[in-house]
Each structure stands twice: as C-alpha cells, then as structure tokens.
Amino acid sequence: AQGQQNRRRVRKQLLHAIDKVFRPKQDSDSIHRREPVSLKKLKKGDCSWHTTKLVLGWILNTKTLTVELPSHRQERLNEILSSINSSQKRISTKKWHKILGELRSMALALPGARNMFSHMQEALTTQKGKRVSLKKGVHDSLEDFRWMFRDIANRPTRMAEIVPLLPSAIGYHDASLDGAGGVWFPHTTLNPRGVSQSSSSHQPIAWRYAWPDHIKKELVTEHNPNGTITNSDLELAGGLLHLEALAQHFDIRERTVISNTDNLASLYWQRKGSSTTNSPPAHLLRLFGIHQRFHRYVPRHDYIPGKSNPLADAMSRLFDFSDQQMLSHLTSLFQQNTSFRLVNLPSKTLSCVTSALQRKRSDVASLLVEPPVPILTGSNGSSSQLNWASTPFSKPSRIKYLSYKSSSTEFVPERLRPTEIQSGLDRLKITYGQLPRRSCCWVKPIHASTSSTRKTSASHAC
C-alpha cells in the first residue's frame, strides 16, 4: 500500500471485507455479541499504517525486514535465565513446564534456539515426584540461552532467516563406518568464498572426512554391541559437516539450503531440532543450532533412497582413492560434463563434531569458524539483502509425506546444474500458490424447485 490515498483505500476495503465475512452487529443480537472489528483496538491505532508493528508478541519491522522480541519479553527471558543459578539442583515440575513453554514461544523467531531443548526435555523423563533434577546438561543448555540473550542486542533476526524459500543449494550426504562425505550443487546467485572470480566458481563442491580410530572403536556393531555411537549418530554428524562445507565456501546468509540424506532417524532429528535424550544426537543438535545462528541460513532436510544417492555414497566410503581419483570417479558417476571441486573442513569444526559424538560439550566460540570473505559475482552479488515480494504469501497445503520407494528416477543429474536449480530469490517473486476466487455465497443455495420437490416427496411418504 503505497501513497496516502492508496493506503486509505486499502484500509477501507479491508474493513468492508470483514463486514462481508462476519455479519455486523444488529439490535436483535445478544448483549454479549460484540462488533467484528474492535473499536477499542481501532482507537489504539491497530488499523493505522506503520513500518513497525507488534504482532502476536513480536515486533515486525517491514523497513529493515527484522523480527525482534519486545522489551518486556526480553526482560522476561533475562528473568527466567537469572532465576536459575548454576548450583541449583532441583526445581518444581510445574515451574519447569512453564519455563520450557515460555522458552519455546520465544524460540520461534530466534534462529538456532529450537536445537537447545534436548537436555531440558530429558530432565522431565527422570523427574521424581513433583521435582525435576537439574543436571549438568540442563545448566549447559541454559548457558546456551544466555549466550543467545546476549546476542539478541547485537543481531536482530532477519525475516529471511526464519522463512524457508526455494533452495539456493541442493546437497546430498552420507556416512559409513569409515567416514562421511557429500556433494553440494549451488545456484549461480550464491557468492563463492575463498576462490577467484571465474566461470568455475559455482562448480559443485565435494567433501569427505575419515572418522578417527577412537570414534570407530565406539561404534555399535555385531562385534561391539556395547558401543556408544550408532550409525544414525554418524549420519547426523555427517549432516552437520555437510552444512559446514557449504557455509565455508559459499555465502549462504539469508538463503535456504536443502540437504538430502538416506537415513530416516537423522532426518527426523534434524527436522525436529531436538531429542529427549542425553546421547550424541542431543550434543550434535546443539551444534546444529549454533551453526545455523552463526551463518544465518535456513536449513531444510529431505530424504532420498540409498540407491539414489551414489555420489555421497562414494564420498563416504572410497577413502582408498586419492583426491584426483575421487574427482574422476565423481565425474564418471555424474555424467554431465561437470567437474567437482574437493574442499576441506576446518579442524575446529571436526574437533567439535567428534567431541559431540563422545558426549562432550564444546564451547560456543570453538564452532564459530569465520568463513572467507565472499566474492561478489555479477549483478546478484551487489548486495546480500533480499527484496521481498509486495504480495502476501498463501499457506501451502498440508500434504502428508508418501512412503518412499527406491527408483531410478529419484536422482536426476540434469536437474542439478547451477542454471537449473531455482534460486531462493526467484521464490520471492511468486506466491506459494494461486487460490481460486471464492463465490460470494458461503452456503450453496437451495433452489425453490428442489425444496418443493422435497416437500412433495415427504407428503407422499406420509
């Protein structure tokens, strides 16, 4: 709504639309029925145009495209975190439920916060009577929230950090007893990091990492049933390394990326963001949250059958191949005249992931590995800020996921070229779907002929 006259016209149309949907109040109505449009809220200015609005407890700024916690909610968050000191051992179950509920409500627009609840949820499973034990893992999670609270003032949440769009990069990863690996196919709108500007700056990247011997020894196998690390734990660790490979070599701030895996357990851990346990997934998911908040991307996770995941399967198993042999093997599998670039992962990130597999906590600073400065490429590299669409988005339909069956058409190399991947920027120019125009009548009218027919048939029946 641009311009004073246009804004006034849009406001009038919205109020008329409400009157068409909800019947205005009449004299014959009950005294308890109120007007559809609250006069009290109108007098407070709720129907006035502003670039900053308080909506459902969040401050939305349409000029800076940010979402912030109001000052009273920030004070409440600080009050919650200050009320529990590091030496406290127990808390009432009722109060703990209230704290979790408030933190969950605030985590909706705090990127990475939903990954911090594993140990806090696990505390409820070991409660005794009406008291919950606050163990070290719980206090560590509260300390992570304190870090986020201190970070709120330094970095407001951008809307593009919490709204998923079409992916700007598509990746596939896998893990095995020997190691983990994966490949990424970036879109041309992503600015590369750490490479010179050239035609090959957007070529697919591949990475791999062989597990250390002390990790392999703790893996649960037929010969080691008492191990502490499962194959799904390795798959989840590989998923984090997969995102780190992309974040270190492309500027994915405020971009949506999709990572595909063939392990259902790790897939749903990543989608949910937490697990009610003290096992390695809880420690790894915490690293997922810190990583997402630091690099400011929107992660999406999907499933791909193992038979349709040949590139990642090769990267996670063929460690007897040299780097050059591995690149040649990937080119032969892809068969699209596309060369891959083999990249390395930061040693600090690898140390944090292996420590999480052993249920050891790493400091937040150890995972904040600053990536190289992005190189601006073309017109898309002039600014990292997104221009949002002027039309509102409609909600996508809620369709249940179908059961997956391995198929030769699951993996289509032609769709993974940089020019074929639809960018998240293009997503901002269209809505989620076109809604058909509704008819004016909410109820299908009953014609007079139909009603008379029913009366005639009823009289014959009598």
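The structure holds three cavities of 30 Å³ or more. A cavity is a set of points on a 1 Å grid over the protein atoms alone where a 1.4 Å probe fits but cannot get out. Volume is the space filled by probe spheres set on the points. The model is predicted: local features need pLDDT of at least 70, side-chain atom pairs count only at pLDDT 80 or more, and totals for chains, interfaces and linings use all residues. Residues are numbered from 1 along each chain as its sequence is written, and side-chain values use heavy atoms, without hydrogens and water.

Helix α10 supplies the largest share, four residues. Helices are DSSP runs (H or I) of at least four residues.

Gly289 sits in α10. Gly289 is buried (under 20% relative accessible area), at 0%. Its C-alpha atom lies 6.3 Å from that of Ala113, 176 residues away along the chain. Beyond four places in sequence, Gly289 touches Gly112, Asn115 and Met116 (heavy atoms within 4.5 Å).

Helix α10 (residues 280-295) also packs against α13 (residues 347-357), at about 150 degrees and with axes 7 Å apart. Axes are lines fitted to C-alpha atoms over the stretch in contact, and angles run from 0 to 180 degrees between N-to-C directions. The two helices are therefore roughly antiparallel, a term for angles over 145 degrees. Pro280, His283, Leu284 and Leu287 of α10 meet Cys352, Val353, Ala356 and Leu357 of α13.

Note on methods:
Parallel < 35°, antiparallel > 145°, perpendicular 65-115°, else oblique. Buried < 20%, exposed > 50% of the residue type's maximum accessible area, 1.4 Å probe, protein only. 1 Å grid on protein atoms, 1.4 Å probe; cavity = no way out; pocket = protein on both sides within 12 Å on 5 of 7 lines; lining within 4 Å.
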